[in-house]
Amino acid sequence: HDSEIKTPVLDELAGSGVKLENYYVQPICTPTRSQLLSGRYQIHTGLQCGIIWAPQPSGIPLDDVLLPEKMKEAGYSTHAIGKWHVGFYQPAYVPTRRGFDSFYGYLTGSEDYFTHVRGTGYPYWTQKHWHGVDFHRNEEVVTNEGGLYSTHLFAQEAVDIITAHNSSKGPLFMYLAFQAVHAPLEAPDSYVAPYMNMTDKSRRMYAGMVSAMDEGVGNVTKALAANGMTNNTLIVLAQTMEARFTRVGIIGH
């Protein structure tokens with residue numbers, strides 16, 4: 001749509017694929033993610049009221065069969081990368097117990113992109129704050145990747161999985177949920193620099209985040225091509241919440 005924010009990879013994918021000009025999601029992420037993964041409208045899973053806060057005992061009901069479980073039944077290897085945010089208060093709710101062979105990412109939302117720390121209050125109007133690292137490989141906390149930008153980490157994980165995949169042993173299903181471009185607005189300086197003409201600091205940072213995400217998608221598509229998988233791969237690009245203006249800029253991904 002001729003945006004001043006450059007996304008050559010996304011533009012190419014859209015130009016060679018099918019664009020949905022009228023596409024609707026829930027206004028925040030947990031309800032939309034629950035619908036995608038369960039195939040059920042959020043009013044039927046109890047996740048219609050908002051996000052799942054870090055200490056909140058909630059999630060997609062365990063008797064709901066999720067998309068990765070059905071993909072495994074069809075013979076796919078299944079991998080989740082990035083944001084989960086549909087239940088984690090008991091081990092049974094985490095990705096590797098809901099149909100995914102592997103998981104690399106975070107369970108809640110709004111982590112720092114570099115430190116991977118999540119700080120929150122629950123309920124949000126109280127002063128009871130929770131603070132800690134939310135970054136996981138499968139069911140273990142990752143503590144040695146602080147300082148590394150999450151968009152880069154998630155893209156590289158996807159590339160590694162694609163590169164290691166042996167198509168002769170079955171197809172691959174990957175759920176790649178980038179943190180970008182959700183708040184907080186953070187990006188390496190090199191991605192923000194091309195947008196210094198933008199007068200609004202938050203808009204510049206947002207643009208840098210989009211550019212980094214676009215590059216990450218490009219790295220994934222290059223890995224598919226290098227492994228001879230492009231012609232037999234369906235790529236679906238979707239957002240999980242509406243874009244909206246707030247006092248910290250534009251939020252949405």
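The protein exposes about 13600 Å², and carbon and sulfur atoms supply 54% of that area; accessible areas come from the Shrake-Rupley method with a 1.4 Å probe, and for residues only the protein chains shown count as cover. This is a predicted model, in which local features need pLDDT of at least 70 and side-chain atom pairs count only at pLDDT 80 or more, while totals for chains, interfaces and linings use all residues. Residues are numbered from 1 along each chain as its sequence is written, and side-chain values use heavy atoms, with hydrogens and water left out.

Let us begin with the overall build. The protein has six helices and nine strands; here helices (H or I, at least four residues) and strands (E, at least two) are DSSP runs, numbered from the N terminus. Its radius of gyration is 18 Å, close to the 18 Å that the globule rule gives for 253 residues, so the protein is as compact as a globular protein of that length. That radius is taken over C-alpha atoms, and the globule rule is 2.2 Å times the number of residues to the power 0.38. Along its principal axes, the C-alpha trace spans about 50 × 50 × 40 Å. Buried residues make up 48% of the 253 residues, where buried means under 20% relative accessible area, exposed over 50%, and partly exposed in between (1.4 Å probe, protein chains only). Among contacts (heavy atoms within 4.5 Å) between residues at least 6 apart in sequence, 63% join residues at least 24 apart.

Now step into the sheet. Five strands form an open sheet in the order S6-S5-S2-S1-S7, with mixed pairing; two strands pair if DSSP finds at least two bridges between them. Strands of a sheet pair through backbone hydrogen bonds, either parallel or antiparallel. The edges are strand S6 (140–141) and strand S7 (172–177), each of which pairs on one side only.

Follow strand S2 next. Five of the five residues of S2 are buried, so this strand is largely enclosed by the rest of the structure. In a regular strand the side chains alternate between the two faces of the sheet. In S2, Ser-102, Tyr-104 and Tyr-106 lie on one side and Phe-103 and Gly-105 on the other, and all are buried. S1 and S2 run parallel and are joined by five bridges, with Lys-83 standing opposite Tyr-106 in S2. S2 pairs with S5 in the antiparallel sense over two bridges, and there the bridge partner of Gly-105 is His-136. Strand S5 (residues 136–137) in turn pairs with S6 in the antiparallel sense, again over two bridges, and His-136 stands opposite Val-141 in S6.

A helix lies over this sheet: H4 lies across strand S1 (77–83), S2, S5 and S7, running at about 175 degrees to S7. That angle is on a scale from 0 to 180 degrees between N-to-C directions, with axes as lines fitted to C-alpha atoms, for helices over the stretch in contact.

The next stop is the interior. In soluble globular proteins, nonpolar side chains tend to be buried together. A nonpolar core is a set of buried Ala, Val, Leu, Ile, Met, Phe, Trp, Tyr and Cys residues joined through side-chain atoms within 4.5 Å. Of the 39 residues in the largest core here, Ile-5, Phe-154, Ile-162 and Met-209 touch the most other members. Two or more residues each come from helix H1 (8–15), strand S2 (102–106), helix H4 (150–164), helix H5 (189–192) and helix H6 (201–226). H6 gives the most, with eleven residues. Leaving aside residues up to four places away in sequence, Phe-154 touches several residues, among them Ile-81, Tyr-104, Phe-135 and Phe-178. A second, separate core of 17 residues includes Ile-52, Ala-80, Tyr-175 and Ala-177.

H2 is mostly covered, with nine of its ten residues buried, and the cover includes helix H3 (67–73), S1 and S7. At 19% relative accessibility, Gln-35 counts as buried. After H2 comes Gly-39, whose phi is positive, near 75 degrees.

Finally, a few backbone details. Most residues other than glycine have a negative phi, and most peptide bonds are trans. His-85, in the loop between S1 and S2, has a positive phi near 60 degrees and is buried, with a relative accessible area of 2%. Asn-138 also has a positive phi, of about 55 degrees, but is partly exposed at 33%. Cis peptide bonds join Ala-180 and Val-181, with omega about 10 degrees, and Ala-183 and Pro-184, with omega about 5 degrees.
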